[in-house]
Amino acid sequence: MTRTTRREFLTLLTVVPAAAAFAKEASTTHTVVGESGSAIFKLDPLPYPYEALEPVIDSETMRLHHGKHHAAYVENLNKAMAKYPSLAQKGLETLLRDLSGVPEDIRSVVRNHGGGHWNHSFFWELMTPGGLSAPTGKLLEALQSTFSSVDAMKEQFQQAGSKVFGSGWVWLVVTRDKKLAVMTTPNQDTPLAEGALPVLGNDVWEHAYYLKYQNRRAEYLKAWWNVVNWEVAERNYRRAHGLSF
Ligand code: MN3
């Protein structure tokens, strides 16, 4: 490569939007091809650039969180699933709802890495730059009747998230008996395994916030509301109740 072409090449590299380039790399290099020749589970690009949630969540955290942590869950899940190609056709949610139906030799991988894939896919969709509106409609009514107010639910959610010991998640879910409740799960366990469907979920693993907030998890939990997409939360709520749009 001549000096000129190399310079041109480097220039090209710098003008490619970093987020797009990274997402493309992540989505194409962290999948495993199954026996049928198609990738089993894929890491989708984020629905917004890595820097879009600044200043609540910094771009470096998003880059590592999506491009490394989430990518690794997908990669490890696919390695395990490659042994049982027909199992993937059941869908990840079905497998996570009833882990006893997963062969024992890959059950913990599906629980941890499949759970990690599902939880993070849910999490990315739930956020949007600058947040979006506030709870309305049936979700608002349910929040008020269950917690007395939206703020009271937020307070309970933040408290529960602060108290997760080690790594895990805090959720607002619709329980098996169709009630709203705040719950937490350790590691990458999902509410699905408890028969619950999440409306909101926040990742309280240190990798989700430590670069910016260090040990101040409570501060992260409070700031996080500023990037929540309440339209997605309401869609999740309606879906959990089997309501049409
Ligand atoms: Mn995470």
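## Asn187 and the model

Let's start at Asn187, which is partly exposed with a relative accessible area of 39%; on this scale buried is under 20%, exposed is over 50%, and partly exposed lies in between (1.4 Å probe, protein chains only). Asn187 sits in the loop between E2 and E3, where helices (H or I, at least four residues) and strands (E, at least two) are DSSP runs numbered from the N terminus. Its phi is positive, near 55°, although Asn187 is a residue other than glycine.

The model is a predicted one, in which local features need pLDDT of at least 70 and side-chain atom pairs count only at pLDDT 80 or more, while totals for chains, interfaces and linings use all residues. Residues are numbered from 1 along each chain as its sequence is written, and side-chain values use heavy atoms, with hydrogens and water left out.

## Other backbone features

Ser148 is another residue that is not a glycine but has a positive phi, of about 85°. Ser148 lies in the loop between H7 and H8 and counts as exposed, at 58% relative accessibility. For context, most residues other than glycine have a negative phi, and most peptide bonds are trans.

There is also a cis peptide bond, from Glu54 to Pro55, with omega near 0°. Pro55 belongs to the loop between helix H2 (18–29) and H3.

## The manganese site

The manganese ion has four coordinating residues: His65 (NE2), His120 (NE2), Asp203 (OD) and His207 (NE2), at 1.9 to 2.1 Å. Donors here are N, O and S atoms within 2.8 Å of the metal (3.2 Å for Na, K and Ca); water is not among the atoms, so sites may look incomplete. Along the sequence, the donor residues follow the spacing H-x54-H-x82-D-x3-H.

## H3 against H6

Helix H3 (residues 59–81) packs with H6 at an angle of about 145°, their axes 8 Å apart. The axes are lines fitted to C-alpha atoms, for helices over the stretch in contact, and angles run from 0 to 180 degrees between N-to-C directions. The crossing is left-handed, meaning that the near helix is turned anticlockwise from the far one by less than a right angle; clockwise would be right-handed.

On the H3 side, the contact includes Met62, His65, His66 and His70, and on the H6 side it includes His113, His117, His120 and Trp124; contact means heavy atoms within 4.5 Å. The residues of the contact divide into 12 nonpolar, 11 polar and no charged. In this count, Ala, Val, Leu, Ile, Met, Phe, Trp, Tyr, Cys and Pro are nonpolar, Asp, Glu, Lys and Arg are charged, and the others, Gly among them, are polar.

## H7 and its two faces

In helix H7 (residues 137–147), the buried residues are Leu139, Ala142, Leu143 and Phe147. Viewed down the axis of H7, these residues fall within an arc of 100°, so they line one face of the helix; the arc is that of the directions from the helix axis to the C-beta atoms. As a reminder, an α-helix has 3.6 residues a turn, so residues three or four places apart point the same way. Glu141 and Ser145 are exposed on the face turned away from the buried side of H7.

The buried residues of H7 pack against helix H8 (150–163), strand E1 (168–174), strand E2 (180–186), strand E3 (197–203) and helix H11 (230–240). H11 itself is mostly covered, with eight of its 11 residues buried, including Trp230, Val232 and Tyr237. The partners of the buried residues of H11 are H6, H7, H8, E1, E2 and E3.

## H8 against H10

H8 and helix H10 (residues 217–224) pack at an angle of about 145°, with axes 9 Å apart, in a right-handed crossing. From H8, Phe157, Gln158, Gly161 and Ser162 meet Arg217, Ala218, Leu221, Lys222 and Trp224 of H10. This contact divides into four nonpolar, three polar and two charged residues.

Gln158, placed in H8, is buried, with a relative accessible area of 14%. Beyond its neighbours within four places in sequence, Gln158 is in contact with Leu221, Lys222 and Trp225. From Gln158 to Val170 there are 12 residues in sequence and 8.2 Å in space, C-alpha to C-alpha.
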